[in-house]
Amino acid sequence: MKLSTVFAFAAGALAMPASYSAEPLKNNETALVDYYIFNLALPEFLAKREAKDPPSLNWTSDGCTNAPANPFNFDFTPGCQRHDFGYANYRKQGRFEIHGKRRIDEQLLVDLRNQCKKATHVWSKVGCEGLAEAYFFFYRSDAFGGGLDATGHVNPGLNGMSLKAVRERKGKEKEAKEEEEKEKEEEEKEKEKEEKEKEKEAKEEEEKEEEAKDKEAKEKELKEKKAEEKEAKEKKAEEKKAKKRERRERFEKSWWRYFVFLLP
């Protein structure tokens, strides 16, 4: 963004017509917040903030988030406090979206540049305005920060939180998500390990069953072989006996067996 664009933003904010000619009633908090941000002079706003008037509004502030509050003795704290007031109460009222955020950020630039008018030296004033623009760019660059989601609308879970608190919360959420993903990854690895162990056990069990079947088959085969050998041996012995019996019977029937007893 060019410097001329920044001046155009600031000029537009300064030229914006007042939304309210008088301070709205306390029970109209929406109008009151807009009046305090965009119509009330910064010293008057600080007086309201000091008195917490009214106490129902969110007056919390962490100053200039992640940036010096008093750079080179230019006191930017009041502008940052009103900026935080705008963020917090727009969230609280459910109005915090990208256009509302832009308007609050532009008011911050106006407040900071008004602070720069107190500079006594021209170069000090130029340096101060440069810092004011840098602060403005810092907050504007946070396009989806300050409790906005990716659509530019408020995230209800972040209402009432400062930009710093939002960033811290987002950081914690990111860490929690990373930790959750890490745990999930470890669980998946553990699950994969368990499945591999089960596969290994199943394979070993299958191999044992195959070995048992092979052993049983071999034992059966050996038993059958022994039975066959025994049967063959018995059959052979029976055949031998039968032949011997047959020779004896033939001898007994032959006529010359009588001469055997006559031999000397």
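This is a predicted model: local features need pLDDT of at least 70, side-chain atom pairs count only at pLDDT 80 or more; totals for chains, interfaces and linings use all residues.

Visitor: How are the directions of α5 and α6 related to each other?

Guide: Crossing angles over 145 degrees count as roughly antiparallel. The axes of helix α5 (residues 98-116) and α6 cross at roughly 165° and come within 9 Å, and α5 and α6 are therefore roughly antiparallel to each other.

Visitor: Which residues of α5 and α6 meet?

Guide: From α5, the residues include Leu108, Leu109, Leu112 and Arg113, and from α6 they include Cys128, Ala132, Tyr135 and Phe136. By class, the contact of α5 with α6 has nine nonpolar, nine charged and no polar residues.

Visitor: Is Ala132 buried or exposed?

Guide: A residue under 20% relative accessible area is called buried. Ala132 counts as buried because its relative accessibility is 0%. Ala132 lies in helix α6 (residues 122-140). Leaving aside residues up to four places away in sequence, Ala132 touches Phe76, Leu109, Leu112, Arg113 and Cys116.

Visitor: At what angle do the axes of helix α3 and helix α4 cross?

Guide: The axes of helix α3 (residues 42-51) and helix α4 (residues 77-92) cross at roughly 65° and come within 10 Å. The crossing of α3 and α4 is left-handed. In this contact, Leu42, Phe45, Leu46 and Arg49 of α3 meet Pro78, Gly79, Gln81, Arg82 and Phe85 of α4. By class, five residues in the contact of α3 with α4 are nonpolar, two polar and two charged.

Technical notes. Residues are numbered from 1 along each chain as its sequence is written. Side-chain values use heavy atoms; hydrogens and water are left out. Helices (H or I, at least four residues) and strands (E, at least two) are DSSP runs, numbered from the N terminus. Buried means under 20% relative accessible area, exposed over 50%, partly exposed in between (1.4 Å probe, protein chains only). Contact means heavy atoms within 4.5 Å. Axes are lines fitted to C-alpha atoms, for helices over the stretch in contact, and angles run from 0 to 180 degrees between N-to-C directions. A crossing is left-handed if the near helix is turned anticlockwise from the far one by less than a right angle, and right-handed if clockwise. Ala, Val, Leu, Ile, Met, Phe, Trp, Tyr, Cys and Pro count as nonpolar, Asp, Glu, Lys and Arg as charged, and the others, Gly among them, as polar. Angles under 35 degrees count as roughly parallel, over 145 as roughly antiparallel, 65 to 115 as roughly perpendicular and the rest as oblique.
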